[in-house]
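Please open the model in your viewer and keep the selection panel at hand. The stops below say what to select next and what is there.

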Amino acid sequence: MTDTLSPTTDPEPAADIPPEGQHVLTQHVALGRVIILVNPLAGGVGPNAAEEAAAILSDYACETTVVALEGGQFDAQVKHALDARPDALFVLAGDGTAGTIASRAGPDGPLIAPLPGGTMNMLPRALYGTADWKIALRRALEEGAPQRVAGGEVTDGRFKQAFYCAAILGSPALWAPAREAVREGKFGLAWAYARRALKRAFTGRLRFSLDGRADRRAEALVLISPMISKAMDEHTGLEAAAMNPSDALQAFRLAAHAVFDDWRQDPAVTTKAIQQATVRARSRIPAVIDGEPALLRHEARIRFIRTAFRALAPDPPAAEDSV
């Protein structure tokens, strides 16, 4: 979930009839200058994306800069874009890159518009309701308003990653690719992913503590942001869902729920709102953080961030990927 922000400056009134070939910019915030960072190597982008983005932006009466991200120059390019303080910074890249840039912008940085350029695109789908980056770009430009985006942060002492949709810790993290394959109609691939996840089940249960309470055990712990949680209506915290299948049959049933429908309906799942959590395991902890796989150390901590960054998105956000 997001909160609508009041812009610090009144947007300039648009002309009743825009110049020929131009589209009307949003009335919710002034967009005099925008920058778009493009990673042409991301899975859903393509080699001509920078030129295509420039062509779309030329339809709007704003100053635009298109930057193609380069591997060895990534940090410097992102810093330069943030330091330029544009009215909005668009990011056309994979899920991990978009999340990293949003995290660096923080609540005091420019408005961020993460366009769907990755594989799972959880955050862009939640904000814009589409996996087509060109449609998302136009929706942000024409309907966008400043939105506070809540999220969370996972760290194991060495690794640190923010998330704005969901973090799955434990062997069911491997079910996420299965769900994505189902969404794309690749049912054979989905079954293969589900079988791999089931083979990993019961190889090591987690111990976790929510908001400092006594340790509990679970097969997996899922932390879901308010923006995409079907069960939360306010910025009260992350939704924590503990998964506890007792045998292989329950694990298969839970996997089916996770892939095909609302897994909260399964009796092996319990949920609550939390501010922080600690997760421990005897072996390293597999995780999926906003669609990106990770392998955490034996102990990890998660905390809720009430305002992680400010997005440029329609009000209310589409929340297509609500879970």
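**A tour by selection**

Begin with Cys-62, which is buried at a relative accessible area of 15%, where buried means under 20% relative accessible area, exposed over 50% and partly exposed in between, with a 1.4 Å probe and protein chains only. This is a predicted model, in which local features need pLDDT of at least 70 and side-chain atom pairs count only at pLDDT 80 or more, while totals for chains, interfaces and linings use all residues. Residues are numbered from 1 along each chain as its sequence is written, and side-chain values use heavy atoms, with hydrogens and water left out.

A search of the whole structure finds 0 disulfides, a disulfide being a pair of cysteine sulfur atoms within 2.5 Å.

Next, select Tyr-164 and Phe-309. How far apart are the centres of their rings, and at what angle are their planes? The centres lie 4.9 Å apart and the planes stand at 80 degrees, so the pair is edge-to-face; the rule takes rings of Phe, Tyr and Trp (its six-membered ring) as paired if their centres lie within 6.5 Å, with planes under 30 degrees apart counted as stacked, over 60 as edge-to-face and the rest as tilted. The count by this rule is 1 aromatic pair. Tyr-164 sits in the loop between strand E7 (160-163) and strand E8 (166-170), and Phe-309 in strand E17 (residues 299-313), so that the pair links parts of the chain 145 residues apart. Helices (H or I, at least four residues) and strands (E, at least two) are DSSP runs, numbered from the N terminus. Tyr-164 is buried at 2% relative accessible area, and Phe-309 at 0%.

Move to helix H3 (residues 95-105), where Asp-95, Ala-98, Gly-99, Ile-101, Ala-102 and Ala-105 are buried. Looking down the axis of H3, you will find these buried residues within an arc of 165 degrees, so they line one face of the helix; the arc is that of the directions from the helix axis to the C-beta atoms. Just after H3, Gly-106 has a positive phi of about 65 degrees.

Finish at strand E12 (residues 238-243), of which 6 of the 6 residues are buried, so the strand is largely enclosed by the rest of the structure. Leu-238, Ala-240 and Ala-242 point one way from E12, whereas Glu-239, Ala-241 and Met-243 point the other way. Strand E11 (residues 220-224) pairs with E12 in the antiparallel sense over 5 bridges, pairing requiring at least two bridges found by DSSP, and Ile-224 stands opposite Glu-239.
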